[in-house]
Amino acid sequence: MSVRAERLVIYVILVMFCVAVLLPFVSILTVALQAPGSTVTGLALPDELHFDNFRRAWTVGGFGSLMASSAIVAVVVVPTATALSILAGYAFGTMRFRGSTGLFYLLLIGLVMPFEATVVPLYYDLRALHLTDTYWALILPQIGLSVAFGTFWMRAFFLSSPKSLLEAAQLDGASTWTALWRILLPTARPAVTTLATLFFLWSWNEFLLALVLIQDPDRRTAPAGLGLFVGERTVDVAGLSAGALIITLPVIVVYLFLQRGFIRGMLEGSVKG
Amino acid sequence: MRRRQRIAYLYLLPGFLVYLAFVLVPLAHTVELSFFEWDGISVGTWVGLDNYRRLLGDGTVLSSFAHAGVFLVFTSIVPVMLGLVLAAALSRHRLRGLAVFRTVLFLPQVIAMVVVGVAWRWMYTDDGVVNQLLHAVGLGSVSRAWLGDFTWALPAVGLVGTWVMYGLCMVLFLAGVQKIDTSLYEVARIDGAGPIREFLHVTLPGLRQEIAVALTITTIAALRNFDLVYVTTNGGPGNATTVPAVEIYRLGFREGDVGLACAVAVVLTLLIFTVVFTITRLAREER
C-alpha cells in the first residue's frame, strides 16, 4: 500500500472512532428536540426543532435549581482546593523538612482511593454531625480528595521550575510567601488552569456522594437529580435527554475554551507523575 | 533551617487537615466498621473477621467482583489494545489535523458518567440506535433490549466502558508516538525490521510510560465503577451486572448491612491498590 493510501485508511479509522464517540450524544439530542409526546426512536431527525423538552426539564424537572446547587458546590470547592494544593505542593516541591517522604506516601493513598471506599462512614459520620443535607457534606470531602491530587500535581510543577528563580528571590530577601505569589506563581498559570479545570469537572460530575449525602431536593446536585430522574420517569425519554444535555452544557463550554491547554497539561502531567 | 522546617509544615497544614478529616479518617473508619455487625441505627457489635467470611460465602458479592474483572477487560485492556493498534499504524506517519480528533476522542473523559449512562440507556433500548444499526446491516434478528438481557447486559455495559476509555488511550499513545525519535524507526528499517518487529522493538518500549498511565487510569475507573452501572442497569437484570461499588451502596444504604458493605469497600480498595502498585512496579522495572 502506498504511503498515501495508508494515511487515508488511518484518517478513515480515526473519523469512524470520532463518529462513535459523538453518536450517543447526537442520539439523545435528536430525541430532546422532538415535539413532546411524539413517539421517538434512536436516531430520527425531528421535522422542526422543538425546545419544549428543554423548557420542561428546566422548570418541571427542576434542572434549574439542580444546576444552582452544583454551581454553589463547585464555586467553593474549585478555588479552595486549588489554593490548598498550591500551598502544600509548594512545600513538597521547594522545601526540605522532616517526614516529607512519609507525608508524601500518605498523600498517594488519596490519589488512588475512590469515594466508593469511604462513602459509608462518610454518610454515618456526617449525619451524626448534622452535616448531611448541607452543601458542606459534598464540599469538604471533595476538597479533601482533590487536594491529594492537586498537591501531587503542584509539587511536580514546583520541582520542574528553575531553581535559580527561587534562589534569586531568596537573595533579594523575599519571604517564602512573597516568592511563591510574586515570582513562582505567575509562571504556573497553565498548570494551575489545568488543575482548576480538573477540579471543576470532578466536582460538577460527582455522583455517588451527592446521591447518598443529600436527600433534600433543594440541595441536590445536577448529576444526582438526573440519576434519580432515571429511576422515576423512565418513560419520559425526551425530558430525560434534555436534562442530560442541560447539565452537560457548562462542561462542554469549559472544555472547548480550555481544551488545548487542558489535554496537553493532562497528558504531560500524568506521564511525568 | 529549623525555622524553615516549621514554615514548611504551615504550608502543608490546611490541605492536610481537610485531607485527614475527610479522606484518611473515613478510610480508617471503613476498616473499623468492617469488623462490626451494624445496621446503621442501633449499637454495633464486634464480630472480628465475620463480615469477610460472609463476603466469601455471598454469591451476589462474589459475582460483583467477577463482573469487576469483566469490566477490567472492557474498560482497560480493550481500549489500551485499540490505542496501541492505532499508534502502531500511525508511527510511520506524521499526520496533520490531529488536534480535532483529539478534542473529540477526549470528550467522554469530561462528561458526567450519569449523562453517559442516560445516553447509552437510550442507545440500547428496543428501538435505539444499536438495534437500528443492526437492522441496517441485516442483523435485525439479533436485535434485543440489550440491558434487560441476562446474557448480554454485562458485555453491553462493558462496551460503554470501552467507549469511554478508547479515546483517552488513543490520545495518550498518539501523543507518545509522535515524540519517539524518528531515527529509531530508520535504524530499524535499515536493519530490515518489518512493521511487527518495529512495533515490538521501537513503538512499544517508547510508549512504556504512556501505557502505564493509561492502564492506571482505566483500571481505577473499571474497578470503582458505580455511576454507569447504577444509571444503566442498577445491577440488573437480577444480579447480572452488579459490581462491588453497587453492592457497597445496596448493603450500606438499602439493606442496613453496614459491616458487610465496609468489608466489600476494604477488599475493593485493596484490590485497586494492588493493581495500581503492580502496574507502577512493572513500568519502573523495565526502564
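In the predicted model, A:D133 counts as partly exposed because 16 C-beta neighbours lie inside 10 Å; a residue is buried if 20 or more other C-beta atoms, placed from the backbone, lie within 10 Å of its own, exposed if 12 or fewer, and partly exposed in between. A:D133 has a positive phi of about 65° although it is not a glycine, and it is located in the loop between α5 (119-128) and α6 of chain A. Helices (H or I, at least four residues) and strands (E, at least two) are DSSP runs, numbered from the N terminus. Residues are numbered from 1 along each chain as its sequence is written, while chains are lettered from A and ligands numbered from 1 in the order in which they are written. Because the model is predicted, local features need pLDDT of at least 70 and side-chain atom pairs count only at pLDDT 80 or more, whereas totals for chains, interfaces and linings use all residues.

Two further backbone features occur in chain B. Most residues other than glycine have a negative phi, and most peptide bonds are trans. In B:N234, a residue other than glycine, phi is positive, near 50°. B:N234 is partly exposed, with 17 other C-beta atoms within 10 Å, and belongs to the loop between α11 and α12 of chain B. B:P237 is placed in the loop between α11 (227-232) and α12 (244-254) of chain B. A cis peptide bond, with omega of about -5°, joins B:G236 to B:P237.

Chain A contains twelve helices and zero strands. Its C-alpha trace spans about 75 × 70 × 30 Å along the principal axes. Of the 273 residues of chain A, 45% count as buried. Where contacts in chain A between residues at least 6 apart in sequence are concerned, 75% join residues at least 24 apart; two residues are in contact if their C-beta atoms, placed from the backbone, lie within 7 Å.

Within chain A, helix α3 (residues 63-94) packs against α6 at an angle of about 40°, with the two axes 6 Å apart. Axes are lines fitted to C-alpha atoms, for helices over the stretch in contact, and angles run from 0 to 180 degrees between N-to-C directions. The crossing of α3(A) and α6(A) is right-handed; a crossing is left-handed if the near helix is turned anticlockwise from the far one by less than a right angle, and right-handed if clockwise. By class, this contact of α3(A) with α6(A) has 18 nonpolar, ten polar and one charged residues. Ala, Val, Leu, Ile, Met, Phe, Trp, Tyr, Cys and Pro count as nonpolar, Asp, Glu, Lys and Arg as charged, and the others, Gly among them, as polar.

A:G150 is part of helix α6 (residues 136-160) of chain A and counts as buried, because 28 C-beta neighbours lie inside 10 Å. Apart from neighbours within four places in sequence, A:G150 is in contact with A:A81, A:T82, A:S85, A:G89 and A:L195. In helix α3 of chain A lies A:T80, which is buried, with 20 other C-beta atoms within 10 Å. A:T80 and A:L140 are 60 residues apart in sequence and 10.0 Å apart from C-alpha to C-alpha.

Chain B comprises 13 helices and two strands, and its C-alpha trace spans about 75 × 75 × 30 Å along the principal axes. Of its 287 residues, 48% are buried. Chain B averages a pLDDT of 91, with 98% of the residues scoring at least 70; pLDDT is the predictor's confidence in each residue, from 0 to 100.

For the complex, the predictor gives an ipTM of 0.92 and a pTM of 0.93. Contacts between the chains involve 76 residues of chain B and 71 residues of chain A. On the side of chain B that touches chain A, the largest share, 20 residues, comes from helix α1 (residues 2-33) of chain B. The residues of that side of chain B divide into 57 nonpolar, 13 polar and six charged.

Helix α11 (residues 222-232) of chain A packs with helix α5 (residues 113-123) of chain B at an angle of about 25°, their axes being 9 Å apart. α11(A) and α5(B) are therefore roughly parallel to each other; angles under 35 degrees count as roughly parallel, over 145 as roughly antiparallel, 65 to 115 as roughly perpendicular and the rest as oblique. α11(A) passes α5(B) in a left-handed crossing. A:P223, A:L226, A:G227 and A:V230 of α11(A) make the contact with B:V114, B:V115 and B:V118 of α5(B). These contact residues divide into six nonpolar, one polar and no charged. α5(B) is mostly covered, as eleven of its eleven residues are buried.
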